[in-house]
Amino acid sequence: FMIVRKGIKEDIPQVLNLIKELAEYEKALDQVSNTVERLENDGFGKSPVYDLFVAEAENKIIGMAITFFRYSTWKGKNLYIEDLVVSENFRRKGVGFKIFEEVKKFAQASSCVGISLQVLDWNKTGINFYKKLNMTLDNEWINCYLDLNEN
C-alpha cells in the first residue's frame with residue numbers, strides 16, 4: 001500500500017538519501033553538498049523556497065519530488081520539478097506516475113500555466129517516462145550556471 005502526500009520536515013533525512021541515490025545514478029555523488037539542516041530550513045523554515053511531495057510505503061519514503069515556482073515572461077507562472085526520484089527497488093511500478101499526478105494537481109491548484117524540468121540527454125529511462133507524460137523535450141536551450149561558492 002502506497003500513498004503520495006505533501007512532504008513534512010521529518011521526511012528530510014530519507015529525502016536526502018533519495019537525492020544521493022539519484023546523484024549516484026547520475027554519476028555525480030561527489031557533487032552533493034546539501035545537508036538535512038539546509039533542506040529543512042529551505043523547505044520548512046521562515047521563507048520556504050520549495051515544495052516537497054513524497055511517496056510512502058510501509059513507513060518508508062520510496063519516492064519524492066521537489067518543486068518550486070518559476071515565472072515565464074512569455075507565459076506566466078510555471079511549476080518547476082527540480083527532482084523526481086523513485087528508489088531503485090520501486091521503479092517501474094507506477095510510483096513516479098502517481099507522484100507526477102500529485103505534482104500536476106498542485107500546479108493546477110496553484111494557477112500554473114505549465115510544468116517544466118530537465119532530464120539528462122543520456123537518461124533514456126527518464127526521457128521515455130516524460131514522453132509518456134506528454135512532455136515536450138527541447139534540445140535548443142543551453143543551461144547556464146554560476147557557482148557562488150567558488151567565486
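**Labels and their grounds**

Guide: β4, helix α3 (residues 95-109) and β5 make a right-handed β-α-β unit. Bear in mind that this is a predicted model.

Visitor: What makes the unit of β4, helix α3 and β5 right-handed?
Guide: Point the strands away from you. A path from the first strand over the helix to the second that runs clockwise is called right-handed. The unit of β4, α3 and β5 is right-handed, so by that convention its path is clockwise.

Visitor: How do you know that β4 and strand β5 pair?
Guide: Pairing needs at least two bridges. Four bridges join β4 to β5 (residues 114-117), so the two strands pair. They run parallel. I81 stands opposite L117 in β5, and L79 stands opposite I115.

Visitor: What joins strand β3 to β4?
Guide: A hairpin does, through three residues. β3 (residues 60-72) and β4 run antiparallel, with 10 bridges between them. The cut-off is at least two bridges, so β3 and β4 count as paired. One of the partner pairs is I66 with D83 in β4.

Visitor: Why is β4 called largely enclosed?
Guide: Eight of the 11 residues of β4 (residues 76-86) are buried, so the rest of the structure largely encloses this strand. Buried here means under 20% relative accessible area.

Visitor: Is C112 buried or exposed?
Guide: Its relative accessible area is 15%. The limit for buried is under 20%, so C112 is buried.

Visitor: And why is C144 called exposed?
Guide: C144 has a relative accessible area of 74%. Exposed means over 50%, so C144 qualifies.

Visitor: What makes the link between the side chains of R5 and D11 a polar contact?
Guide: The distance is 2.8 Å. The cut-off for a pair of N or O atoms is within 3.5 Å, with one able to donate a hydrogen and the other to accept it. So the R5 and D11 side chains make a polar contact.

Visitor: Where does R5 lie?
Guide: In strand β1 (residues 2-6). Beyond its neighbours within four places in sequence, R5 is in contact with residues including L52, F53, V54 and I61.

Conventions. Residues are numbered from 1 along each chain as its sequence is written. This is a predicted model: local features need pLDDT of at least 70, side-chain atom pairs count only at pLDDT 80 or more; totals for chains, interfaces and linings use all residues. Side-chain values use heavy atoms; hydrogens and water are left out. Helices (H or I, at least four residues) and strands (E, at least two) are DSSP runs, numbered from the N terminus. Contact means heavy atoms within 4.5 Å. Buried means under 20% relative accessible area, exposed over 50%, partly exposed in between (1.4 Å probe, protein chains only).
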